[in-house]
Amino acid sequence: MVEILSGMDKGKQGIVKKVKRSKSILFVKGLRLYEKKIAARGGYGEQKAFVEQSIPYSAVSLVDPVTKKATRVRYSYISDPKLPGKVKKVRVSTASNSIIPKPHDAGLGYKRRTTYTDSALCTPAAQVLKKTFNELSLVPGALSQRVLERLRLKLLPPLPVLEANTQTSSSQQSTEVVENK
């Protein structure tokens with residue numbers, strides 16, 4: 001239950017019909033109505049219908065269940081009676097310190113699981129605890145060698161480094177001198 005804080009329906013209370021969180025707006029049942037014209041169809045003339053307009057979040061306030069007036073809300077944590085040892089986040093009225101319950105049909109349309117059970121799709125515990133990482137894979141060059149070995153490719157020996165022409169000619173001269181002695 002909310003109370004409208006501004007506009008033509010200021011001070012009126014109503015039940016929230018629809019909420020659009022992406023646009024930060026809501027629709028209140030029977031309030032903030034505007035007249036919508038419906039085009040003529042199938043032998044009927046033009047008709048008029050009343051439709052709720054959107055209201056921004058800032059223009060409404062929750063109604064305190066005790067005082068039945070608009071109030072600010074704070075959040076508090078209480079122990080959950082359904083789940084011992086767990087706490088539950090609840091809305092609390094600042095005026096009367098009473099809990100403002102959330103509507104039953106609010107939420108995402110599904111029930112949250114409190115406990116998980118094993119099924120055929122679950123990974124077995126033995127497989128989860130199995131060590132699959134090898135520290136040797138961090139050694140430089142080891143990874144590429146293992147990949148090539150798996151692909152059954154042989155590593156080629158490194159190519160010999162060719163020296164410059166001037167260096168080879170001087171080395172040939174030094175070998176010739178040694179052979180002549």
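## A walk through the predicted chain

The chain holds 3 helices and 11 strands; helices (H or I, at least four residues) and strands (E, at least two) are DSSP runs, numbered from the N terminus. This is a predicted model, in which local features need pLDDT of at least 70 and side-chain atom pairs count only at pLDDT 80 or more, while totals for chains, interfaces and linings use all residues. Residues are numbered from 1 along each chain as its sequence is written, and side-chain values use heavy atoms, with hydrogens and water left out.

Along the sequence the pattern reads β-β-β-β-β-β-β-β-β-β-β-α-α-α. Of the 181 residues in the chain, 14% are buried; buried means under 20% relative accessible area, exposed over 50%, and partly exposed in between (1.4 Å probe, protein chains only). The chain exposes about 16200 Å², of which carbon and sulfur atoms supply 56%; accessible areas come from the Shrake-Rupley method with a 1.4 Å probe, and for residues only the protein chains shown count as cover. Among contacts with a separation of 6 or more, 36% are between residues 24 or more positions apart, where contact means heavy atoms within 4.5 Å.

The strands can be taken next. Strands of a sheet pair through backbone hydrogen bonds, either parallel or antiparallel. Here two strands are counted as paired if DSSP finds at least two bridges between them. An open sheet of 3 strands has the order β2-β1-β8, with antiparallel pairing. Its edges are β2 (13-14) and β8 (60-62); each has a single partner strand, so one side of each is left without a neighbour in the sheet. Between β1 and β2 the antiparallel pairing covers 2 bridges, and E3 stands opposite Q13 in β2.

Strand β4 has two pairings to follow. It is joined to β3 by 4 bridges, and the two strands run antiparallel; K18 stands opposite F27 in β4. β4 is also joined by 2 bridges to β7 (residues 55-56), again running antiparallel, and I25 stands opposite P56 in β7. Both faces of β4 are covered: I25 and F27 on one side are buried, as are L26 and V28 on the other.

The hairpin of β3 and β4 has 4 residues between the strands. S24 lies in this loop, between β3 (16-20) and β4. The phi of S24 is near 55 degrees, a positive value in a residue other than glycine. With a relative accessibility of 35%, S24 counts as partly exposed. K68 also has a positive phi without being glycine, near 60 degrees. Its loop runs between β8 and β9 (73-79), and K68 is exposed, with a relative accessible area of 54%.

The largest nonpolar core has 8 residues: V2, I4, L26, V28, L31, I55, A59 and V60. β1 (2-4) and β4 (25-28) each supply at least two residues of this core. A nonpolar core is a set of buried Ala, Val, Leu, Ile, Met, Phe, Trp, Tyr and Cys residues joined through side-chain atoms within 4.5 Å.

I55 sits in strand β7 and is buried, with a relative accessible area of 0%. Not counting residues up to four places away in sequence, I55 touches I4, S24, I25, L26, V28, R32 and V60. I55 and S6 are 49 residues apart in sequence, yet 9.8 Å apart in space, C-alpha to C-alpha. V60, leaving aside its neighbours within four places in sequence, is in contact with V2, E3, I4, L5, L26 and I55.

N97 is exposed, with a relative accessible area of 53%. Apart from neighbours within four places in sequence, N97 is in contact with R74 and V92. N97 and V73 are 24 residues apart in sequence and 9.2 Å apart in space, C-alpha to C-alpha.

Aromatic rings remain. K89 lies over the face of Y75, at 4.8 Å from the ring centre; a charge sits over a ring if NZ of Lys or CZ of Arg is within 6 Å of the ring centre and within 35 degrees of the ring normal. A search of the whole structure finds 0 aromatic pairs. For such a pair, the ring centres of Phe, Tyr and Trp (its six-membered ring) must lie within 6.5 Å, with planes under 30 degrees apart counted as stacked, over 60 as edge-to-face and the rest as tilted.
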